[in-house]
Amino acid sequence: MITFEGVTKTYPDGTTAVSDLSLTVPSDRITVIVGPSGCGKTTTLRMVNRMLEPTEGRILWDEEPLSARPVTTLRRQMGYVIQSGGLFPHRTVLDNIGTVPGLLGWTKAKTRARSLELLDAVGLDPALARRFPGQLSGGQQQRVGVARALAADPLVMLMDEPFSAVDPVVRAELHELFLGLQRELSKTIIMITHDIDEAIELGDQVAILRVGGILAQAGTPQQLLEEPADAFVEGFVGKDRGYRSLSFQPADRLSLDEVPTTTDAAGARGRTLLLDEDRRPVGWAGLREDGRPMPLGSTFDPSSDNLRTALDAALTSPAGLAVAVRDGRFAGVVDPEAVLGQLAEHRSAEARGAVEAAGSTEAAP
Ligand SMILES: Nc1ncnc2c1ncn2[C@@H]1O[C@H](COP(=O)(O)OP(=O)(O)O)[C@@H](O)[C@H]1O
Ligand SMILES: [Mg+2]
């Protein structure tokens with residue numbers, strides 16, 4: 001656990017980049033710090049591995065002030081990844097990955113073996129080992145940057161806009177890689193981004209900063225979307241936050257309705273779901289004059305999907321109904337209003353819960 005206690009950083013020219021920041025970064029989880037350009041994100045990160053020192057306040061790591069730890073030891077325990085990879089241009093991919101093990105005095109053989117292992121872990125072909133960074137794509141360079149930061153198995157990963165410089169498709173691949181690695185490795189991660197969508201996708205905890213390094217709100221993505229602390233956070237998380245928060249609600253409490261079904265498209269009259277012999281939905285019948293079936297659209301599984309998937313299924317359905325399947329077999333239908341109604345119900349249940357909780361505190365002896 002890393003704890004910021006009233007941390008302020010004022011640069012010599014008088015710029016206050018971070019103001020009285022108090023924040024707890026839990027171990028083995030991803031904390032994302034997000035905010036507009038110039039709001040003090042990089043300054044905050046650089047204080048964690050003591051490239052910068054706070055002007056006021058302090059940072060603790062597992063209860064012990066960072067200032068009590070030798071800087072060299074500290075940096076070896078913390079991997080650092082920056083935006084454009086930050087690779088050494090005149091070193092091969094393999095030598096880049098082995099930088100820290102080299103500094104730690106590992107043998108050549110051990111460093112090489114570890115570097116090859118990491119090349120594989122970040123999904124790169126071993127054939128790339130002898131290349132130089134300039135001979136790699138942006139996404140490949142970021143993978144090497146992540147591998148290099150992981151080389152000496154650090155306890156903490158500090159990542160400054162690691163996925164900002166690549167196109168959306170590559171970014172999505174890197175997100176998947178990153179979450180997969182984290183499931184395996186469980187590092188304590190502080191990642192920075194200016195992109196709220198990325199923060200919400202990747203963060204177990206998200207801290208939103210405003211200019212001046214002032215903490216606007218910290219919480220789970222769901223908390224930020226559902227209970228923004230003020231207008232700044234509300235504006236920052238975006239107008240479609242209601243729609244986004246659908247993805248945090250499971251679809252298993254939706255009540256499913258009946259709809260006429262058939263295995264014979266030609267004979268259908270009116271909105272009828274077309275099933276195969278195993279009761280798997282295949283399309284909609286009875287919607288067209290010429291009797292030809294229409295595509296099914298997407299479906300959802302109430303036991304594993306969320307309300308957003310259910311709503312998407314309803315909106316892509318030519319019949320205007322989301323088709324629920326269990327083990328691939330037809331389970332029922334839901335209309336879009338029912339999905340949104342479920343969200344409203346969840347919200348009011350939460351509000352009631354909060355009121356009751358407040359009441360019970362007062363009533364306690
Ligand atoms: N070395 C420095 N000297 C003076 N001001 C700085 C220095 N580094 C950053 N700043 C200023 O501190 C503020 C925060 O910068 P930074 O932490 O880099 O923000 P971010 O990473 O959120 O874009 C900005 O106003 C920036 O201009
Ligand atoms: Mg920055």
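The lining of the largest cavity comprises eight nonpolar, one polar and one charged residues, where Ala, Val, Leu, Ile, Met, Phe, Trp, Tyr, Cys and Pro count as nonpolar, Asp, Glu, Lys and Arg as charged, and the others, Gly among them, as polar. This is a predicted model, in which local features need pLDDT of at least 70, side-chain atom pairs count only at pLDDT 80 or more, and totals for chains, interfaces and linings use all residues. Residues are numbered from 1 along each chain as its sequence is written, chains are lettered from A and ligands numbered from 1 in the order in which they are written, and side-chain values use heavy atoms, with hydrogens and water left out.

A cavity here is a set of points, on a 1 Å grid over the protein atoms alone, where a 1.4 Å probe fits but cannot get out; lining residues have an atom within 4 Å of a point. Among the lining residues are F178, Q182 and K187. Helix α7 (168-185) contributes the largest share, four residues; helices (H or I, at least four residues) are DSSP runs, numbered from the N terminus.

I turn now to ligand 1. The residues around ligand 1, those with a heavy atom within 4 Å, include Y11, D13, K41 and T43. Helix α1 (residues 41-48) gives the most to this shell, with three residues. By class, the shell holds three nonpolar, six polar and two charged residues.

Which distance separates an oxygen atom of ligand 1 from a polar backbone atom of G38? That distance is 2.7 Å. For T42, an N or O atom in the side chain lies 2.8 Å from an oxygen atom of ligand 1.

How values were computed
On a 1 Å grid over the protein atoms alone, a cavity is a set of points where a 1.4 Å probe fits but cannot get out, and a pocket is an open set with protein on both sides within 12 Å along at least five of seven lines; lining residues have an atom within 4 Å of a point. Helices (H or I, at least four residues) and strands (E, at least two) are DSSP runs, numbered from the N terminus. A polar contact is a pair of N or O atoms within 3.5 Å; within protein, one must be able to donate a hydrogen and the other to accept it, and residues adjacent in sequence count only if both atoms are side-chain atoms.
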